[in-house]
Amino acid sequence: MLRRTLLAALPLAAQGTAPLRVLPEKPFPGSPILFSVADGPASGTWMERPLTFAQDEKTKRWVALAAVNYELKAGPQILELGGGGKHTVQIAPHAYRTGRLTVAPRFVSPPKAVLKRIAAEREIKKTAFATRSKRAWAGPFAAPAGTARTSPFGTRRTYNGKTQSVHQGLDFGAAIGTPIRASNHGRVLIAQEMYYEGGFVVLDHGDGLFTLYMHLSKFEVAAGDAVEKGAVIAASGSSGRVTGPHLHFGVQWQGLYMEPGTLLEMAL
Ligand SMILES: [Zn+2]
């Protein structure tokens, strides 16, 4: 207990070879967060959600990838590790932008005829995102397209002056037909047309971590398929609630969306 107490009093970034390490050095609301511990098997709790650690083949350390809720304010958050260790993690402030978009009116006030469809698709997503499988991702996450990033994560958007929502992903400019690749190893949970998402693929990477690919024009995979990192899973398009052709790339951990750009830069 004494050892744990002393560690908790140290800033995490200064711990060096300490048993617990945290990436990125300054996690912020909406950032991915990687915890690694020297000894395993380990478990823990973060953001009121269970953390599952898996042993990294290269470093032999036990790692768990999670997210910081983007609705949180900067300040201390508690990481609980199995066995009773409590660690304070400082969440740094981060400013997100605001923006206005104009889309087809049917995506702001959906006609009655599609409400059933929207409700059915909500259930499909709910079931998919409740999946908790064994960790399949390994190594760094790769960009799903080699094109320019056009719209960042976290922007508070107003659609047609009405609907407000937070942009829960990162957009890549992509001419229709651009090959879209799996960001990491995993299994296809969803590969179908949906009302808002358009052509939609969801990959399960294990431990409640999912990547989402929206507005696609063509599928190269089907639900249930296992995919390798970098495999072409679809072609980009302009389907669903869009202002033009692009890829929307989302990353979710147990219901929390994270900033994909930071995940793509993390040395995992
Ligand atoms: Zn988007």
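What share of the contacts in the chain between residues at least 6 apart in sequence join residues at least 24 apart? The share is 64%. This is a predicted model.

## Overall build

The chain has three helices and 21 strands. Its C-alpha atoms fill a box of roughly 60 × 40 × 35 Å along the principal axes. Of the 268 residues, 34% count as buried.

How does the radius of gyration fit in? A compact globule with 268 residues would have a value near 18 Å. The chain has 19 Å, which agrees.

## Two domains

The chain is divided into domain 1, residues 2-91, and domain 2, residues 98-265. Their C-alpha centres lie 27 Å apart. Across the boundary, 13 residues of domain 1 are in contact with 14 residues of domain 2.

Look at the side of domain 1 that touches domain 2. Strands β4 (49-52) and β6 (62-67) each supply at least two of its residues. The largest share, three residues, comes from β6. By type, this side of domain 1 divides into eight nonpolar residues, four polar and one charged.

## A residue in strand β17

F219 sits in strand β17, which covers residues 209-219. Is F219 buried or exposed? F219 is buried, because 20 other C-beta atoms lie within 10 Å, and 20 or more is the cut-off for buried.

Which residues does F219 touch, leaving aside neighbours within four places in sequence? They are A191, G199, V201 and A234. Take A234: it is 15 residues from F219 in sequence. In space, the two are 4.3 Å apart, C-alpha to C-alpha.

## Backbone exceptions

Most residues other than glycine have a negative phi, and most peptide bonds are trans.

Start with the bond from L23 to P24. This peptide bond is cis, with omega near -10°. P24 lies in the loop between β1 (20-23) and β2 (32-37).

Next come two residues with positive phi. K60 is not a glycine, yet its phi is about 65°. K60 lies in the loop between β5 (54-55) and β6. K60 counts as exposed, because it has 9 C-beta neighbours inside 10 Å and the cut-off for exposed is 12 or fewer.

D207 is not a glycine either, and its phi is positive at about 55°. D207 lies in the loop between β16 (198-206) and β17. Is D207 buried or exposed? With 21 other C-beta atoms within 10 Å, D207 is buried.

Note on methods
Residues numbered from 1 in each chain as written. Predicted model: local features only at pLDDT ≥ 70, side-chain atom pairs only at ≥ 80, totals over all residues. Helix = DSSP H or I, 4+ residues; strand = E, 2+ residues; numbered from the N terminus. Rg over C-alpha atoms; globule rule 2.2 N^0.38 Å. Contact = placed C-beta atoms within 7 Å. Domains from an automatic or database assignment. Nonpolar A, V, L, I, M, F, W, Y, C, P; charged D, E, K, R; others polar.
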